[in-house]
Amino acid sequence: MFTRRCRSGGAPFWARHQNRVGEVNGTEIEYPAFNQQVEQTEEMFKQQMGGAVTPQMRTYAVQQVWNQFLSREILKKEIEKIGLTVGKEELNDLVKGPNPSPQIVQAFTNPQTGQFDHSQLMTFLGQVNNNPAVYDQWNTLLEGVRDERLSSKYGELLSNSVYVTSLEANEEYQERNKLANFKYILLDYASVKDADAKLTDADYQEYYDEHKNMFKTQEETRAIQYVTVDAKPLAKDSLAVKETINKLKQDLIVAKDDSLFASINSDNKYPFTYVKKGQLSPSLDSVVFNVAAGTTVGPFLNNNAYEIAKVVSTIVSPDSVKASHILLDPTAEGGVDKALAKADSIKGLIQKGDNFAALAVQFSKDPESKTNGGELGTFTRGRMVPEFENAVFEGKTGDIKVVKSQFGVHIIKIEKQTGSSKYAKVAIIDKVISSGKETLNNAHSKATAFLSAATAQNFAQEAKKLGLEAKTASRVTAMDNVLDGNEAPRDLIKWAFDAKKGDISDKVFETETSYILASLVDIQPKGTLSLEAVKKDIEPAVRNMVKAKILKEKFDKALAGASSIDQVAQKVGKSAINVENVVFANPVIPGVALENKVVGTVFGLQPNKPSKAIEGSTGVYVVQVNGFTNPAAISDINGQKKQMLAAKAQRAWGSIFRALQDKAEIIDNRVKFF
């Protein structure tokens, strides 16, 4: 799957690297292998969430596979040095044990209940050896589980190397419990007019030099100027969709096959199964359980879609069932008829008093449940295949039933039924409100008119002529799918990372609700961004820095010859404000803001002497300490150390991984492929 980089010989450089998605510390991953893992991850997401794979799901899948590759390769040398491994039994426990891996839990969570579905896992495992696609998907998941466990072990070792001294514990205790009472005067930045704070190139340079660490980037970014032409549905589009759903309602009322009709005509496909109150949209939920079977209700507006529903049948049913089963494989028994005959024989033995658990151990082909005497635990509706579910929820406690499903022939014992609620089987149809042809054509015409007229020089002006607004997204990364928080097509981002500075896109990019036109205005390489690249972003902070100098000068004059803060306040025409019970660990000045520098200064002052002027986040301050209240001696220093150790260990893992990542040689070409 991964290949070492060739330094000489073999295919030419361009041929060797044209399919390379990325590289970490000399280990490459090529597109076929990477994309296979992405597709397998997408399939997992699809199983969890239902429906088709969306662009967002694909983006998450690409990011998840990349993160796994990155983590594996960054930690590989460190883990190999230590000799960490994941044993076969350990891996098996992470899959089938009482506390499965988070990746297993994520992959086999029932989308309807939000709970880990053990039966879904076992069903999947039953297909691994018979389906090559499932086999590959499973191996990818196992690799992720193994890598996650190795990473966790490495993190645990790091955590165990962290310690906290008694001195640190006592200092932390003081910071959280020592109280300061003080007065302050604030001259806020808003008190200086912007026109009086003229900015020079030297001011920008000064701020930039003092805050250079803030401008470091881990990857190359782009600045994209763009115009969005709204193509959202109009009122007439909503009315047209409502007319369509009303016609479908009349057809649904007389439909012969309710579930088939709903499946064919609904934009979103809903399971045709029994549901109880709380499992439908609020509008449907409020009426479905109060009408007779055969009634069709709606349309209702829900999440930008009109929906109707036909109540096919209603029952009163248990909320959950505890059951056991014995699974027979028809192929191994010589056919379905022979398997059913054997199941009837086993059922007869159970009814005569034979032990169900012992028979499960002897006959069941379900490797997971047979070791527990056939027990499946307690489950709600939606967790089992329909034939199995119908048998256990429509039967009664103590029943022994034989049913056939896609997995074989089951002998089922209903151990216990809990709760009782009204359930309805509902055929649901929804129609999403989307833009009509006229709306889309008008928006597209406007977009193409702009595209024809715009150049790199007049981009903003041409947008304004058409009543549009040109915006700039300053820090777009290669794998982003948004511009300033709004959806952006991946082909737009791919274009930007293949374009030259000053280029305008030669096409209109489309989202579900808009058309976007773009111009590449800047390329910002990995590392420390230039002053020019951040100048616009830092302008407000530079302006406050210049205002701070003006306000500090005002305070310096007032402080000259003053022995108390009240004298300073009188000179600047302000009142000194009292503040009580402020702690170092929570540096908030009540009613003003978080002021780290100001509160930090307070805890280093002697009482009853005014401070120098302090540049804060909201303005310039002068403070004077009235006094401190020291806490009682720490009563449980070990408890304090334990609490600090947990937080410190958690930070240590993140810090060390970032350090290893900074040292790693990483090449990320994903934008060329996804």
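Where does Phe 108 lie? In this predicted model, Phe 108 sits in the loop between α5 (102–107) and α6 (118–127). Is Phe 108 buried or exposed? Its relative accessible area is 0%, and buried means under 20%, so Phe 108 is buried. Look at what it touches. Leaving aside residues up to four places away in sequence, Phe 108 touches Gln 115, Phe 116, Asp 117, Gln 120, Leu 121, Phe 124, Trp 138 and Leu 141. Ser 119 is eleven residues from Phe 108 in sequence. In space, the two are 8.9 Å apart, C-alpha to C-alpha.

Now turn to a pair of helices. Two packed helices are described by the angle between their axes and the distance between the axes. Helix α7 (residues 132–160) packs against helix α23 (residues 637–663) at an angle of about 115°. Their axes are 9 Å apart. The crossing is right-handed. From α7, the contact uses Ser 151, Tyr 154, Gly 155, Leu 158 and Ser 159. From α23, it uses Ala 649, Trp 653, Ile 656 and Leu 660. By class, six of these residues are nonpolar, three are polar and none is charged.

Next comes helix α15 (residues 356–363). Which of its residues are buried? They are Phe 356, Leu 359 and Ala 360. These three lie on the same side of α15, because they cover an arc of only 105° around the axis. An α-helix has 3.6 residues a turn, so residues three or four places apart point the same way. The cover over the buried residues of α15 includes β10 (320–328), α14 (336–351) and β13 (408–418).

Finish at the N-terminal end of α15. Asn 355 caps it. A side-chain oxygen of Asn 355 lies 3.0 Å from the backbone nitrogen of Ala 357.

Methods: Residues numbered from 1 in each chain as written. Predicted model: local features only at pLDDT ≥ 70, side-chain atom pairs only at ≥ 80, totals over all residues. Heavy atoms only, no water. Buried < 20%, exposed > 50% of the residue type's maximum accessible area, 1.4 Å probe, protein only. Helix = DSSP H or I, 4+ residues; strand = E, 2+ residues; numbered from the N terminus. Arc of directions from axis to C-beta. Contact = heavy atoms within 4.5 Å. Polar contact = N/O pair within 3.5 Å; in protein donor to acceptor, adjacent residues only side chain to side chain. Axes fitted to C-alpha atoms, helices over the stretch in contact; angles between N-to-C directions. Left-handed = near helix turned anticlockwise from the far one by under 90°. Nonpolar A, V, L, I, M, F, W, Y, C, P; charged D, E, K, R; others polar.
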